[in-house]
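Biologist: I would like a close look at a single part of this model, followed by an account of the parts around it in the chain and in the fold. Please give the cut-offs as you go.

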Amino acid sequence: MGDSSEFERGDAEGSAYPRNWEADVVLSDGGTVHLRPIVPEDADQLVAFHGRLSDRTRYYRYFSPYPRMPQRDVERFSHVDYVNRVALVALLGENIVAVGRFDRLGEEDSAEVAFVVQDGHQGRGLGSILLEHLAAAARECGLRKFVAEVLAENSQMVHVFRDAGYQVKRAMEEGLVHLEFPLDPTEESLAVSRAREQAAEARSVHNLLHPRSVAVIGASTDPGKIGHTVLANLLGADSAAPIYPVNPEHRAVRGVRSYSSVLDIPDDVDLAVVAIPASGIAEALDACLTKGVKALLIVSSGFSEAGPSGREAERRMVHEARVHGMRVVGPNALGVVNTDPAQRLNASLAPQLPDRGRTGFFCQSGALGVAILAAATERGLGLSTFVSAGNRADVSGNDLLQYWQTDPTTDVVLLYLESFGNPRKFARLARRLGRSKPIVAVKSGRNAVRAGLAATSVRIDETSVQALFDQAGVIRVESVAQMFDAALLLAHQPLPRGDRVAIVGNSSALGMLAADAAMEQGMRPVLDPVDVGASAGPEEFAAAVRSAAENEEVDALVTVFAPPVAVPGAAYARQLREALQEADTPHSKPVVSTFLAAEGVPDELAVTGEDGTPGHGSIPSYPTPERAVLALGRAVRYANWRAAPQGEFVRPEGVDSERARELVEQWIERGVERLSDADTVRLLECYGIEVSPFRLVTDVEAAASAAEEVGFPVVLKSASEQLRHRTDLAGVRLDLGTVDAVRTAYSDLSELGGSGELYVQRMAPKGTSCVIRLMDDPSFGTLVSFGLAGLANDLLGDRAYRAVPLTDTDVSDLIRAPRAAPMLTGYRGAPPADMAAMEDLVLRVASLADDLPEVRELVLEPVLATPSGAHVAGAALGLGRTPDSPDSGPRRLR
């Protein structure tokens, strides 16, 4: 199961369990517990746990009253071998609150499973969590099936098994329900797990953003300290939640009664904002743990960004918080904001609560966060919620994606990312969220990650980042200014139905700039830019805009306006807004403007909502036509992605994944890193990937015999890597139709390469030469790349990438994405390649990568794309140990 570094000590006999069996998990109410295998030292806690169970719960678990646990049972339950007998405990603080276990049945590949949850923690999803983690551990131990005996009246436990998504067989006999089910995950069990994960993590963020009470630990009377700033901002926002300053030296801070410790606060505390030096946080944390605080927001610095000792203190702090049921934002965080009128939470260092809106914002940088909030207000972009996570030791952007997925107050999501904590999970969540709500992201830190994030970040290659964003439909922008440009359009205007754009203005110069920018963005101006002239009045300008908006051939509208001298621009703005509101359009269309050089949403172009802020239908304005059209172009591409079929994860026919798995396990066991030609062919054949027949020869007679064996015409290739892949084909002789031609070619290549080792291969039909490659990013997963072979494409990097797993839509997009892809579809009258065959080949490669993560490198080169099919003429394959995937297996916090 791995080397010794992956294990921790187990029982007294020296058994050990894999570290990946430990996990912090989020429960259905948003709280957290820590799961780990039981150890002998848990004996006393196990007895105490048993004593806290009600008679009813004991009866349901043991089928008898079982009031006291005998010493022999204490020994048996707390000593397991982690192979045939495994038990997991759920810890809240020092206390066990749930236990799950399985015992192998004889020599079979099945085990009996059972668990029990303390009465006060039932209904929090602990049963399903334990079942997921026990099933994962059982699979590692070679088990294939669970069985369970449940009292018929114990309906809650029956539901845990039935609702888990496994294929459960059940039988009733003498008041007992006998259940059994295979442990291999199913589509339904995975869907159930993901849905529960989303609900639980969303709930934990909801608790953070909707606290019923807030304590400020370190509330200060000194205006120069952050404890004073946070308290002032909370009070200034007129929060609905009561605010409790904690300051042992003063009876009141800013006129509000203060307390010496959080323990002295008479009411429950949902959120504690910690604004004291790092050296004092351990004591404050202990008080919060005792108080039962639900969430911590740590604005203090001095942790992982300060070096190894701070990093270790941060790790211990988060562990303790999670074990005691708390989530943590920070350290080194700017804070959290919720503009909901029923909450009005400004637990941040930003001086003002932003305007109410329907945009959620996650930011990793605290210093930048203040400027971002100020810019949002200046440009008329209202926010629903804002979280600046600082070092992101616990709560991350992934948690916010889970929350915004079902948050009815958020329609657009903005992300300022410096790094990824769990990139595979981000890809999964963003792809799902992007289908209903646009995500706009700035990704900085391309070459370096600041110290505060390094401990909780995973380096991810820029190619992987772009592939991740492309597949997930994330709108990537290069700067915060561009982020706001895109967000203003997405927040206030509908998505375009197509790429046809009309341009109306009173300046031909501005109109031409807009038209050029539109074509650069891949949009189609359907008419020449309409210029009403500099002397046109407001009514004439508005009429031209209305006419373009009502044109059924138009999907989006760009208005450009240079203010005349005689008439105030406000009159034009009001006429423009009213014309668009009154236009009789077959469907709503997005409108962007360059108006009076204004940036944001001018008052004259705003449609005011009930809260007095610009609402849906407001027309965003940009200082230049180019910026307006760039934002519109990004909206067009996102709308196209969202409207495109999502695709399905299709398994190609003729795949023998079990045989492939057996082969790979044998090679890994023997330490094989590069497969021989013969083994490469064997593995590819398991996935229906055929390599054109070839033979490796070492003399001229063997070459002649091999040519007759594989069938003429043939190609001879040097076995030298330096010669085989030269673009001038110096190490290759093509289209050899006779034995004499083979003999002559053999002599030439042997002399050229200084070796008689050559490949003889059946000549594939003439076609376009392509390359399909698997690239391994240990932090992110496997990428499939596709491009046309050749020096020009190598120099230009004209390759497309998609992350495994691939849907059929991903596969189709991948082979059509390179700029040179038209060469496959009949460019300049050439016969088109069989694109269905190419898609099938890429799908088989992707399926291999998905099934066999040990395949760390695979190159198919060249692949000849021909009208008659796809022909693989060369292949190389490398193996390696499977990297840990933080997004595989049962639910857990990273």
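Is Leu 796 buried or exposed, and what is its relative accessible area?

Modeller: Leu 796 is exposed, at a relative accessible area of 59%. Buried here stands for under 20% relative accessible area, exposed for over 50%, and partly exposed for what lies in between, with a 1.4 Å probe and protein chains only. The model is predicted, and residues are numbered from 1 along each chain as its sequence is written. Local features need pLDDT of at least 70 and side-chain atom pairs pLDDT 80 or more, totals for chains, interfaces and linings use all residues, and side-chain values use heavy atoms, with hydrogens and water left out.

Leu 796 belongs to helix α25, residues 791-796. Helices (H or I, at least four residues) and strands (E, at least two) are DSSP runs, numbered from the N terminus. Together with Leu 791 and Leu 795, Leu 796 makes up a nonpolar surface patch that has about 350 Å² of accessible area. The area comes from the Shrake-Rupley method with a 1.4 Å probe, counting only the protein chains shown as cover for residues. A patch takes residues with over 30% relative accessible area and no salt bridge; like charges are joined within 9 Å and nonpolar side chains (Val, Leu, Ile, Met, Phe, Trp, Tyr) within 5 Å.

Met 823 is partly exposed at 44%. Leaving out residues up to four places away in sequence, Met 823 touches Thr 768 and Leu 788, where contact means heavy atoms within 4.5 Å. Between Met 823 and Ala 865 there are 10.0 Å from C-alpha to C-alpha, and 42 residues in sequence.

The rule gives a count of 40. In one of them, the side chains of Arg 651 and Asp 851 meet at 2.9 Å, N to O. Because Arg 651 is in the loop between α19 and α20 (657-669) while Asp 851 is in α27, this pair ties together parts 200 residues apart in sequence. Both ends are partly exposed, Arg 651 at 43% and Asp 851 at 24%.

Another salt bridge joins Asp 485 and Arg 627 through their side chains, at 3.0 Å, N to O. Asp 485 is part of helix α15 (residues 480-492) and Arg 627 of helix α19 (residues 625-643), so parts 142 residues apart in sequence are tied together. Here Asp 485 is buried at 5%, whereas Arg 627 is partly exposed at 25%.

Asp 679 is buried at 16%, and Arg 682 is partly exposed at 35%. Elsewhere, salt bridges with shared partners link Asp 24, Arg 322, Arg 327, Asp 394 and Asp 399 into one network.

Asn 391 is in the loop between β21 (383-388) and α11 (397-406). Asn 391 is buried, at 0%. The Asn 391 side chain has polar contacts with the side chains of Ser 304 at 3.0 Å and Glu 305 at 2.8 Å. A polar contact is a pair of N or O atoms within 3.5 Å; within protein, one must be able to donate a hydrogen and the other to accept it, and residues adjacent in sequence count only if both atoms are side-chain atoms.

The nonpolar interior comes last. A nonpolar core is a set of buried Ala, Val, Leu, Ile, Met, Phe, Trp, Tyr and Cys residues joined through side-chain atoms within 4.5 Å. The largest has 58 residues, and Phe 102, Val 113, Phe 115, Leu 126, Leu 131, Phe 146 and Phe 161 touch the most other members. Helix α4 (residues 126-140) gives the most to this core, 8 residues. A separate core of 52 residues includes Leu 429, Ala 441, Leu 468 and Ala 803.

Technical notes: Salt bridge = Lys/Arg side-chain N within 4 Å of Asp/Glu carboxyl O.
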